[in-house]
Amino acid sequence: MTRFLAAIALTVLSASTALAQDFPNRPLRMIVPFPAGGGVDTMARILAQKMTDIVKQPVLVEHKPGAGGNVGTDFVAKSQPDGYTMLLNVNGIAISPSLYRKLPFDPLKDLIGVTQVAATQFILTGSPKMEAKTVQEVIALARAKPGALNYGSSGVGAPLHLQAEIFKHAAGGLQIMHIPYRGDAPMLTAMLSGDVQVAFMPQSTGSKQVESGQIRGLAVTGRKRWPALPNVPTMTEAGVKGMEDGSWYGLFVSTGTSPQIVQTLQQAMVKTLADPEVSARIRSTGQEPIGSPTADFQAFFKSEVDRFARAIEAAKIPKLD
């Protein structure tokens, strides 16, 4: 019986190894848990085009928005652990466990962090139709008229939502109303029309709108000013401390995916990011390509879950249903 069980185990292992060696032999899907037109969509399309050349199979970008990125994340977490369904997400995936009362998935248990794709920062922007033109003027206006100002985000629980809540806390407990949208693009439209007064935006999309003069750049996160926006101060320079950390992009697959397939995807992404055209396009949006080893990214991801848990507790952000 022992020999029989050992033979079965060896057969299963051999079959698994053979499948991994044959991977990929059909198209892959890169799930974007946000609507088209936002920063994650832009990044996915940059990556998918080159990754297609590297893996010799089409890499198709597919959008599954909703619940601050949780709908698409849950879809990947419950997908077959074969490496053909990938998730491209931002640091919102590390925020959700502490922000929601209950999630249909556990990002630390149900997903494998393949690699950190890129690192980026946020920019606090203001509508050109708003009277406040600096961070301190926004703070003064919010204190003078509690609840009169509003801020937009790309969805409840998304990184832009939490970033604004952290800002409210760091600025002394401001009362600014939250207006969630289904992605960066509709939020930007609302800001241009004046329906939204302030909002944190990804560096990839916000910097372009500030450079063009469509919206105001009030301050940037990070420890130094961005070269593309030399006249926009950091949050620290603007008088708001504790907002030096930015955001990141990560690639994930469902737990149970074989280590060989995870390694294949990690190596394919590293090669994608190393391509001069891809890295130049990513840097042109103010982001830095990373391509970290899987073990490093998984350790970093866990540390981010812990960091956001502390931030949410400190800001006393109520749990979402």
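**Reading helix pairs**

A: Take one pair in this predicted model: α2 crosses α10 with right-handed sense.

Q: Which quantities describe two packed helices?

A: A packed pair is described by the angle between the two axes and by the distance between those axes. Here helix α2 (residues 39-55) packs on helix α10 (residues 259-274) at about 120°, and the axes are 9 Å apart.

Q: Are α2 and α10 oblique or perpendicular to each other?

A: Angles of 65 to 115 degrees count as roughly perpendicular, and those over 145 as roughly antiparallel. The angle of α2 with α10 is about 120°, so α2 and α10 are oblique to each other.

Q: Which residues make the contact between α2 and α10?

A: From α2 come L47, K50, M51, I54 and V55; from α10 come L265, A268, M269, K271, T272 and L273. By class, the α2 and α10 contact holds 8 nonpolar, 1 polar and 2 charged residues.

Q: At what angle do α4 and α12 pack?

A: Helix α4 (residues 92-99) and helix α12 (residues 294-315) meet at about 50°, with 8 Å between their axes. Therefore α4 and α12 are oblique to each other. The crossing of α4 over α12 is right-handed.

Q: Which residues make the contact between α4 and α12?

A: On α4 they are I93, A94, I95, P97, S98 and L99, and on α12 they are F301, E304, V305, F308, A309 and I312. The residues of this α4 and α12 contact divide into 10 nonpolar, 1 polar and 1 charged.

Notes: Residues are numbered from 1 along each chain as its sequence is written. This is a predicted model: local features need pLDDT of at least 70, side-chain atom pairs count only at pLDDT 80 or more; totals for chains, interfaces and linings use all residues. Side-chain values use heavy atoms; hydrogens and water are left out. Axes are lines fitted to C-alpha atoms, for helices over the stretch in contact, and angles run from 0 to 180 degrees between N-to-C directions. Helices (H or I, at least four residues) and strands (E, at least two) are DSSP runs, numbered from the N terminus. Angles under 35 degrees count as roughly parallel, over 145 as roughly antiparallel, 65 to 115 as roughly perpendicular and the rest as oblique. A crossing is left-handed if the near helix is turned anticlockwise from the far one by less than a right angle, and right-handed if clockwise. Contact means heavy atoms within 4.5 Å. Ala, Val, Leu, Ile, Met, Phe, Trp, Tyr, Cys and Pro count as nonpolar, Asp, Glu, Lys and Arg as charged, and the others, Gly among them, as polar.
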